[in-house]
Structures are given as C-alpha cells and as structure tokens.
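Open your viewer and get ready to select things one at a time. Each stop tells you what to pick and what you will find there.

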Amino acid sequence: MPAGTLYRGREGMWSWVAHRVTGVLIFFFLFAHVLDTALVRVSPQAYNSVIATYKTPLVNLMEYGLTAAILFHALNGLRVIAVDFWAKGPKYQRQMLWTVVTVWVLLMAGAFYPVLQETLQWLFS
Amino acid sequence: MATDSIGNVELTDSTPTDATAFLIEPPRKRTKTTSGRRSRTNFEMLAWLFMRLSGIVLVFLVLGHLIIQLVLDGGVSKISFAFVAGRWASPFWQAWDLLMLWLAMLHGANGMRTVINDYAERPGTRFWLKVLLVAATVFTVLLGTLVIFTFDPNIS
C-alpha cells in the first residue's frame with residue numbers, strides 16, 4: 001500500500017473518492033445488466049423471470065441506490081469537465097460541488113416515488 | 001521550504017526528510033519503472049479526452065434510459081419481454097441502446113483501468129487484472145451488440 005492514502009481531504013478529495021466508488025459500482029451493475037438483458041435471446045420466460053427480481057422490494061431499493069450513484073457520477077462528472085475546461089473551474093470547484101449535491105438531493109427527492117412505487121404500493125396496500 | 005500562492009509546500013533539497021517520507025515524483029519524470037522511450041501516440045491524453053466526451057453523451061443517454069425504464073408508466077413494474085420488443089422494434093431505440101452500451105462499457109473499462117493502475121502495485125497483479133478487465137469488457141460489448149442486432153420478438 002502507498003505510505004499515505006489521505007490526500008488533502010475536504011471537498012476536492014472526497015468528491016473524487018465518491019466519483020470513484022460510484023463509478024466502480026455502476027461498472028459492476030452494467031456488467032450484470034447486459035447479462036440479464038441478454039436473456040431476451042433465450043426466451044421471454046427466462047427474461048421475465050429475472051426481471052421479476054427487479055420488482056422485489058430489496059432489489060427495488062437497490063435500484064434507488066443505483067439511481068443515486070448514477071446521478072452523483074453524472075453531475076460530478078460535469079463538474080470535473082468544468083474544472084478541466086473552464087478557466088474559472090478550479091476556482092469555483094467547491095461551489096460547483098455544493099451545486100452538484102443540491103441538484104442531486106432535489107433529483108433524488110423527485111425520483112423517490114417513481115422509482116420506489118412498486119415497493120411503496122406493496123408496503124401500503 | 002518555499003510556499004506558492006495557493007499554499008502548496010514545495011519540497012527543496014533543504015527540506016528535512018527521512019527515509020520513510022512519502023515522496024511524490026513529478027508527473028512526467030522518467031523513473032526506473034517507466035519505459036525509456038517516448039510512446040508515439042498520446043494514448044493517455046486520448047483516454048482522458050474520451051472520458052470527458054463520452055461522459056457528456058452518457059449523461060443524456062443514461063438519464064433518458066433511467067427516466068424511461070424506472071420513472072415513466074409505473075416505473076420498473078411495466079418492464080417485460082413485450083416492453084423490450086416494443087422498444088427494439090424502432091431503429092432509433094436500437095441505436096440509442098447500442099451507443100449507450102459501447103460508450104458506457106468503454107468509459108467504465110477505462111475507469112477501472114485507472115483504478116487498477118492506482119491500487120494494484122505488483123506488476124503481475126496489474127497485468128492479470130487488466131487481462132480480466134479486457135476479457136470481461138470485450139465479452140460484454142460483443143454479447144450486448146449481438147443481442148441488439150439479433151433480437152427476435154417471435155422467439156420460442
């Protein structure tokens with residue numbers, strides 16, 4: 001292991017850590033997702049039975065987590081592009097991170113019912 | 001010890017160091033572990049540029065995909081073989097999914113390459129992890145492409 005794994009801390013480093021963690025999670029999901037979609041070449045029954053697991057409460061909750069990871073990675077990725085290509089990007093990187101976090105919270109609140117409706121209806125019916 | 005305008009401490013010969021101090025090499029310095037010759041193509045710069053360009057395109061492709069699959073018309077509950085068949089009847093959605101598959105897999109594979117480079121230190125570990133990464137990426141991209149192009153709504 002490297003002698004030290006803490007860089008400077010604060011917004012710059014922790015957003016980099018979050019970007020890396022969400023990226024790895026999304027990559028592993030993508031790998032599984034291409035495999036489950038490939039079942040449409042096996043039979044409609046095989047595909048529908050694996051898609052049924054996506055509609056169970058636990059996996060549905062993981063979809064909300066996946067949405068959280070993708071939205072953060074997308075919004076912070078745009079911030080990284082702004083830091084790299086916009087002359088004032090590095091100067092405003094902290095403000096841009098808090099903008100990213102605010103937009104992320106709003107989008108996650110908006111996605112709460114639509115993404116989790118299967119589970120919410122199961123809970124409250 | 002000199003300090004620049006944004007507070008970076010610059011290490012100089014007079015900086016007191018000990019044998020266990022964590023020394024960061026300048027980014028472009030040739031060391032024992034880098035090859036002596038310059039590579040003819042600027043692969044790392046192109047990979048860096050690809051991450052940004054594909055990232056912008058993926059924001060639209062993936063967020064559109066999430067809205068269609070997880071938000072509209074009852075969320076995940078409406079997804080079924082019939083739903084996939086309805087969407088892939090259109091060349092527009094086939095092209096959307098094909099582009100999303102290729103860009104996302106290459107973007108993700110290059111990100112994983114960076115992660116391997118950062119954390120796997122032994123040359124053998126780095127090599128075999130990258131072999132595994134390339135194999136998984138090629139397999140997934142080819143399988144997904146084959147599925148999109150050979151999809152048969154009337155199967156079985």
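The tour takes one chain, then the other, then the place where they meet.

**Before you start**

This is a predicted model: local features need pLDDT of at least 70, side-chain atom pairs count only at pLDDT 80 or more, and totals for chains, interfaces and linings use all residues. Residues are numbered from 1 along each chain as its sequence is written, while chains are lettered from A and ligands numbered from 1 in the order in which they are written.

**Stop 1: chain A as a whole**

Select chain A. Its secondary structure comes to four helices and zero strands. Helices (H or I, at least four residues) and strands (E, at least two) are DSSP runs, numbered from the N terminus. The radius of gyration of chain A is 18 Å, well over the 14 Å that the globule rule gives for 125 residues, so chain A is more spread out than a compact globule. That radius is taken over C-alpha atoms, and the globule rule is 2.2 Å times the number of residues to the power 0.38. Along its principal axes, the C-alpha trace of chain A spans about 55 × 35 × 30 Å.

How much of chain A is buried? Buried residues make up 23% of its 125 residues. A residue is buried if 20 or more other C-beta atoms lie within 10 Å of its own, exposed if 12 or fewer, and partly exposed in between, with C-beta atoms placed from the backbone.

**Stop 2: helix 1 of chain A**

Select residues 10–37 of chain A. This is helix 1, with 28 residues. From first C-alpha to last, helix 1 of chain A reaches 40 Å, close to the 40 Å expected at 1.5 Å a residue. The expected span is 1.5 Å times one less than the number of residues.

Now show the side chains of A:S15, A:T22, A:G23, A:I26, A:F27, A:L30 and A:T37, which are buried. The buried residues of this helix pack against helix 3 (57–85) and helix 4 (93–123) of chain A, together with helix 3 and helix 4 of chain B.

**Stop 3: helix 3 of chain A**

Move to helix 3 of chain A. Its 29 residues should span 42 Å at 1.5 Å a residue, and its end C-alpha atoms are 42 Å apart, which agrees. Buried residues here include A:N60, A:E63, A:H73 and A:R79. The buried residues of helix 3 of chain A pack against helix 1, helix 2 and helix 4 of chain A, together with helix 1 of chain B.

Zoom in on A:I70. Which residues does A:I70 touch, not counting residues up to four places away in sequence? A:I70 touches A:I26, B:V62 and B:L66. Two residues are in contact if their C-beta atoms, placed from the backbone, lie within 7 Å.

**Stop 4: a loop in chain A**

Pick A:P90, in the loop between helix 3 and helix 4 of chain A. With 14 C-beta neighbours inside 10 Å, A:P90 counts as partly exposed.

**Stop 5: chain B**

Switch to chain B. There are four helices and two strands. Along the sequence, the pattern is β-β-α-α-α-α. Buried residues make up 12% of the 156 residues in chain B.

**Stop 6: where the chains meet**

Show both chains. The contact takes 34 residues from chain B and 35 residues from chain A. On the chain B side, two or more residues each come from helix 1 (43–71), helix 2 (81–88), helix 3 (91–119) and helix 4 (123–150) of chain B. Helix 1 of chain B gives the most, with nine residues.

**Stop 7: the largest nonpolar core**

Select A:L30, A:I70 and B:A104. Of the 24 residues in the largest nonpolar core, these touch the most other members. A nonpolar core is a set of buried Ala, Val, Leu, Ile, Met, Phe, Trp, Tyr and Cys residues joined through C-beta atoms within 7 Å. The elements giving two or more residues to this core are helix 1, helix 2 (44–54), helix 3 and helix 4 of chain A, together with helix 1 and helix 3 of chain B.
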